[in-house]
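Subject: Structure handover

Hello,

Here is the structure I promised you. Please open it first, then read on with the view beside you.

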Amino acid sequence: MQRYILKRLIQAVVTVLLMTIIVFLLSRLTGNPAIFLVGDYATDEDIARITEQLGLDRPLPEQYRIFLSNALKGDLGRSVTGDRKPAVEIVLSRLPASLQLAGVALLVSVLVGLPLGVVAARRKGSFLDTSARVLALLGQSVPPFWLGIILMYVFAVWLHLLPTSGFGGIRYFILPAITMSTVMVAAITRLTRSSMLDVLNLEYIKLARIKGLSERVVIWKHVLRNSLIPVVTFIGQFLPIMITGAIVIETVFSWPGIGRLAYEAAMYRDFPVLQAVVLFVTLLFVFCSLVVDILYAYLDPRIRYTN
Amino acid sequence: MGTPMLDVRDLRTYFITSHSMVKAVDGVSFHVDENETLGIVGESGCGKTVTCLSILRLIPQPTGRIIGGRILFDGEDILAMTERQVQKLRGRKISMILQDPMVSLNPVFTIGDQIGEAITTHTKAKGPSLVAKVIEALKLVRIPAPEARIRDYPHQMSGGMKQRVVGAISISCRPRLLIADEPTTSLDVTVQAQYLQLLKDIQRELNMAIIFVTHDFGIVATMCNRVAVMYAGKIVETAPVRDIFHKPAHYYTSCLLKAVPKLRTKVNTLVSIEGQPPKLDNLPDGCRFAPRCARADDRCRRDEPPLLALGDDHYVSCWHPQG
Amino acid sequence: MWRSPAVILAIAIIGTLIVVALFAPYLAPYSPKTGELENRLMPPFWQEGGSTDHILGTDTIGRDVFSRLLYGARTSLLVCVLAIVVAGSIGSLLGIASGYLGGWADTIIMRITDLAFSLPMILLALMFAILFGPSFTNIVIILSLVLWAQYARMARGETLKIRNYDFVALARIAGCSKARIMITHILPNVSSSLVVLATLQVGTVIILESSLSFLGVGLPATTPSWGIMVSQGRSYIVSAWWLCVIPGLAILFTVLSFNLFGDALNDYLNPILRIR
């Protein structure tokens, strides 16, 4: 098991490094990196300063070395807008809001989707099963940004039940979290259902019944444990989709998170901030993949031992 | 012998879908006494496995349904019990070994856990006494170094070992009846012989009765006291082992016996039975074997044959029994 | 599969969409780009103030919503098909090569695929957008970058399953080059799962493209795209609900149809035998 974790850790580090290279190359190969890094309103002094600082007149590998050593010290440049705060600082200040929203959405998705999928599988063919499948299909087909707008209109503007935007107490979480979790709930429900149906047919489940175990134990201990494996894998793979979802949803609901930060940075051509967001998100991704992989190895001992 | 331990009477298990009704088991009756081994023989698809699953009420619903009959175990009808009562029976009084060891064990739990679970379902053993019982079960099935193996996962074991673990799970609570559904079919030939010997030894030690499902007459000869021959959802002949081999009354039985080539005689052509078993959702009138039977006449094709007692516990379902 | 009414409806909708996409210029009553300001913000014909001249109303500068909807279908499907074809071709070929050739080719391609899965492609797309500006080509490239890895992984998996089959060995014995074997023998056999993957992806791609367009980093703002329509209609949701709701519904039903169809196709081509 330790070897497995070590292997994954090394892969994670390599991935992050590769991302830094990609980001670095994207910024340097556009012909005039100085403008991107200091903004459209840069003076000649600014340009000269940054050229000096980052060694923009030196060969690429040297530039990368400077870039990397700065990054490790926590310096990813400064925003080209506003107070020109350090990019890292801006990102860190907006990170908690995103993490909270994503966390809530994930929790809701699992708490709703998993039991729904289990029940749908158990009562295959029933009205409950069919409704669950229809709802899941709809959930996966609705464009999240549109759903957010509609929900906002209905509940906030028309019914005045919830706030339209902003960040504060639990009330502010409700609409964005529902929007964000819709797709996830749908996917988890469908995947849990089909995974369970597959496992229910397997021989070792028959053996569990032969032992005399009650149906409840058979389902919740034996079937579920094996059914969760593809679901966990899926959640790991789904993280990238959640990121787009996050940007869009944060934009629609004016949520002060890094998704919206990325969008604003893109709009205002604030390259250093965007670069910082990308790198942080990569770190987040890689970390989550690691956690998911370890969870996966815990759930399926075959993975641990056949590496 | 008095009342048999297991008495199956006119069992009918059908599978019903929107476009067909498959009569997998259609009026099967047999009994098993204490300590004896009953063999159930027949081609694939004849209903052997469904019969076994019916005894434990493990038929997958809603497609499968036990339509009729009675299954008396120690005088009580299993088919009339509640689900809870049947669960108490499973593993404790009646247990089962499945065919393919590669898929019979849950891949995410250790074998110690899986055997332990079987034990805790029926007894209150905990902690060290539980572990002791698990090791005892592993010793019964002759797994070497059992103390080390309890933490192993199924994928770390060979097929033969896995099948022994399945055996350990099944006998851990010392059932009175063990249903073995082709337990050696997936094993290597060399391992087969060992496994069969193991089953015999366990039977003797635990005073168990066994229902042994197989398509291999060689196994029947070594393991069984009595044999029931099944065809297309019905039992066509039941007899003590001796009589089955020396005086088969049903033509199908003798065909099955002939189909096994004997080692010492030179064989020019392999004998096989012409034709195919009937589709179980589209059965012919009369005797089900008639389309393939060389001795069939119009009566056979028209009416279902009665059950005839030939003496000495030998029964056959045929209009024209041999011998 | 052919019996379910839902699936038939889905196929009908997809068929209609394809026809619309191909013949939009002939079917649309007005140009999607120019409008008459006197007719601005007309509601759909069933509401008061609407007329059958503009059955789904007009937007803030008088453009006919219905026409824009039709052209939007064209845009979406075009982008979608192109992205899937590009991603699918490159991904599949890489996957087959990886699975069949093994060795260092496999390792390298697998590492790259792993990377593609673990990096936030969408954010890279945003960076792209700043650096190179929103354009049709760019968005196709961006979408392809997001999608290709799934094809590679699936193609590799399927290839691994069949590479040891006899017909491949026979081709090798007959002297076929590796490239030839991969294209003429392996590719046809893995293509059914790839096609299913493609149909299941269409929905995702459409939502992705419309999300990016909604944000303004997808297609240029002048293109008639459903995502852009929703974005532009958003501020008018109270006064002119049709500007925002109708394109969204269009996306919803399109994606729904493709998802339904994809699922049905998947069940049809990959039946799971449930014994008893």
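Let us start with one residue. B:C300 is buried, because 20 other C-beta atoms lie within 10 Å and a count of 20 or more is what makes a residue buried. Bear in mind that this is a predicted model.

Where does B:C300 lie? Look in helix α12 of chain B, which covers residues 298-302. Next, which residues does B:C300 touch, leaving aside its neighbours within four places in sequence? The contacts are B:G286, B:C287, B:A290, B:C293, B:P305 and B:W319. From C-alpha to C-alpha, B:C300 and B:D285 are 8.8 Å apart in space. Along the sequence, 15 residues separate B:C300 and B:D285.

Now zoom out to chain B. Chain B has twelve helices and twelve strands. Its radius of gyration is 21 Å, close to the 20 Å that the globule rule gives for 323 residues, so chain B is as compact as a globular protein of that length. Taken along the principal axes, the C-alpha atoms of chain B fill a box of roughly 70 × 50 × 45 Å. Of the 323 residues in chain B, 45% are buried. Consider the contacts in chain B with a separation of 6 or more: residues 24 or more positions apart account for 64% of them.

Chain C comes next. How many helices and strands are there in chain C? The count is nine helices and zero strands. Read from the N terminus on, the elements of chain C run α-α-α-α-α-α-α-α-α. The C-alpha trace of chain C spans about 75 × 50 × 35 Å along its principal axes. Buried residues make up 47% of the 276 residues of chain C. For contacts in chain C with a separation of 6 or more, 70% join residues 24 or more positions apart.

Then the places where chains meet. Start with chains C and A. This contact takes 35 residues from chain C and 37 residues from chain A. On the side of chain C that touches chain A, the elements giving two or more residues are α3 (103-118), α4 (121-132), α7 (178-215) and α9 (242-269) of chain C. The largest share comes from α4(C), with nine residues. What classes make up the side of chain C that touches chain A? That side divides into 27 nonpolar, six polar and two charged residues.

Turn to chains A and B. Here 19 residues of chain A are in contact with 25 residues of chain B. On the side of chain A that touches chain B, α9 (203-210), α10 (215-252) and α13 (301-305) of chain A each supply at least two residues. The largest share of that side is six residues, from α9(A). By class, the side of chain A that touches chain B has eight nonpolar, four polar and seven charged residues.

Last, confidence. The model scores ipTM 0.83 and pTM 0.78. Chain C averages a pLDDT of 83, and 96% of the residues score at least 70. Among the elements of chain C, helix α2 (residues 65-101) has the highest mean pLDDT, 89. The lowest, 72, belongs to α4(C). Keep that in mind at the contact with chain A, where α4(C) gives the largest share of the chain C side.

Best wishes

Methods: Residues are numbered from 1 along each chain as its sequence is written. Chains are lettered from A and ligands numbered from 1 in the order in which they are written. This is a predicted model: local features need pLDDT of at least 70, side-chain atom pairs count only at pLDDT 80 or more; totals for chains, interfaces and linings use all residues. Two residues are in contact if their C-beta atoms, placed from the backbone, lie within 7 Å. Helices (H or I, at least four residues) and strands (E, at least two) are DSSP runs, numbered from the N terminus. Ala, Val, Leu, Ile, Met, Phe, Trp, Tyr, Cys and Pro count as nonpolar, Asp, Glu, Lys and Arg as charged, and the others, Gly among them, as polar. The radius of gyration is taken over C-alpha atoms; the globule rule is 2.2 Å times the number of residues to the power 0.38. A residue is buried if 20 or more other C-beta atoms lie within 10 Å of its own, exposed if 12 or fewer, and partly exposed in between; C-beta atoms are placed from the backbone. pLDDT is the predictor's confidence in each residue, from 0 to 100.
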